[in-house]
Every structure is written in structure tokens, then in C-alpha cells.
Amino acid sequence: MAIRVFFPGNKKVYAEQNGFIIQTDQPVSGGGDGTAPAPYELFLASIATCGGIYVKGFCDSRGISADGIELFQNIKYDPVQQKVSQ
């Protein structure tokens, strides 16, 4: 699998993968335009959606409707250490 990363302007960083363009940007406070999630936010969302597809597969394999099911991923961020905390 090849992923092409390119820089369309300002703080935007895009990735092209399998015909899709995945857009990221930095918030205005970080010098970006705030037009897309920041790369780290997108990374965290990818973890959540990865878990979600397993829940969906579980439901599908058992004939259970996934309607109304929601998952929540709560991230606690330590701004001093600049990392996810416990």
C-alpha cells in the first residue's frame, strides 16, 4: 500500500490513499486555517473507528442491529507534557 503525502498550502498536510484524499490542517491558534482535523486528532479518530468496525462486525455476524449503538472515546490531554494522560 502506498500513501502519497503532499502539502497544498499553509499548515495543510494531505494524504492520498487508494483514491481518497485525507485532509488535515492545524487549528487557527496553531497557525493553520482550521479547515480539517489536525493529524493527531485524525489519528485518535482512526483508533475509535477501528474499534467501531469490530462492533459493527460483531453485530452483523449475529443479526443484531447497530442502529442506536454509539461508542465514545474520551481523550484526556496533558497540555504541560503535551501528551495523552491517564
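**Exercise 1. Find which residues I69 is in contact with, leaving aside its neighbours within four places in sequence, and describe where I69 sits.**

Step 1. Contact means heavy atoms within 4.5 Å. With neighbours within four places in sequence left aside, I69 is in contact with V55 and C59.

Step 2. I69 lies in the loop between α1 (39–61) and β4 (77–78). Helices (H or I, at least four residues) and strands (E, at least two) are DSSP runs, numbered from the N terminus.

Step 3. The scale calls a residue buried under 20% relative accessible area, exposed over 50%, and partly exposed in between (1.4 Å probe, protein chains only).

Step 4. I69 and I47 are 22 residues apart along the chain, and their C-alpha atoms are separated by 17 Å.

A word on the model before we go on. This is a predicted model, where local features need pLDDT of at least 70 and side-chain atom pairs count only at pLDDT 80 or more, while totals for chains, interfaces and linings use all residues. Residues are numbered from 1 along each chain as its sequence is written, and side-chain values use heavy atoms, with hydrogens and water left out.

**Exercise 2. Work out the strand order of the open sheet of 3 strands and trace its bridge partners.**

Step 1. The order is β1-β2-β3, and the pairing is antiparallel. Two strands pair if DSSP finds at least two bridges between them.

Step 2. Look for the edges. β1 (4–9) and β3 (20–24) are the edge strands, each pairing on one side only.

Step 3. Go through the pairs. β1 and β2 (residues 12–17) run antiparallel and are joined by 4 bridges; β2 and β3, also antiparallel, are joined by 5 bridges.

Step 4. V5 has A15 as its bridge partner in β2, and A15 in turn has I22 as its partner in β3. Another bridge takes V13 to T24 in β3.

**Exercise 3. Which residue of each hairpin takes a positive phi?**

Step 1. Recall the background. Most residues other than glycine have a negative phi, and most peptide bonds are trans.

Step 2. In the hairpin of β1 and β2, with 2 residues between the strands, N10 takes a positive phi near 50°. N10 counts as exposed because its relative accessibility is 51%.

Step 3. The hairpin of β2 and β3 also has 2 residues between its strands, and N18 in the turn has a positive phi of about 50°. N18 is not a glycine. It counts as exposed because its relative accessibility is 64%.

**Exercise 4. Describe the largest pocket by its volume and its lining.**

Step 1. On a 1 Å grid over the protein atoms alone, a pocket is an open set of points with protein on both sides within 12 Å along at least five of seven lines, where a 1.4 Å probe fits; lining residues have an atom within 4 Å of a point.

Step 2. The volume of the largest pocket is about 170 Å³. Grid points are joined across faces, edges and corners, and a volume is the space filled by probe spheres set on the points.

Step 3. Q26, A38, Y40, E41 and L44 line this pocket.

Step 4. Sort the lining: 3 residues are nonpolar, 1 is polar and 1 is charged. Ala, Val, Leu, Ile, Met, Phe, Trp, Tyr, Cys and Pro count as nonpolar, Asp, Glu, Lys and Arg as charged, and the others, Gly among them, as polar.
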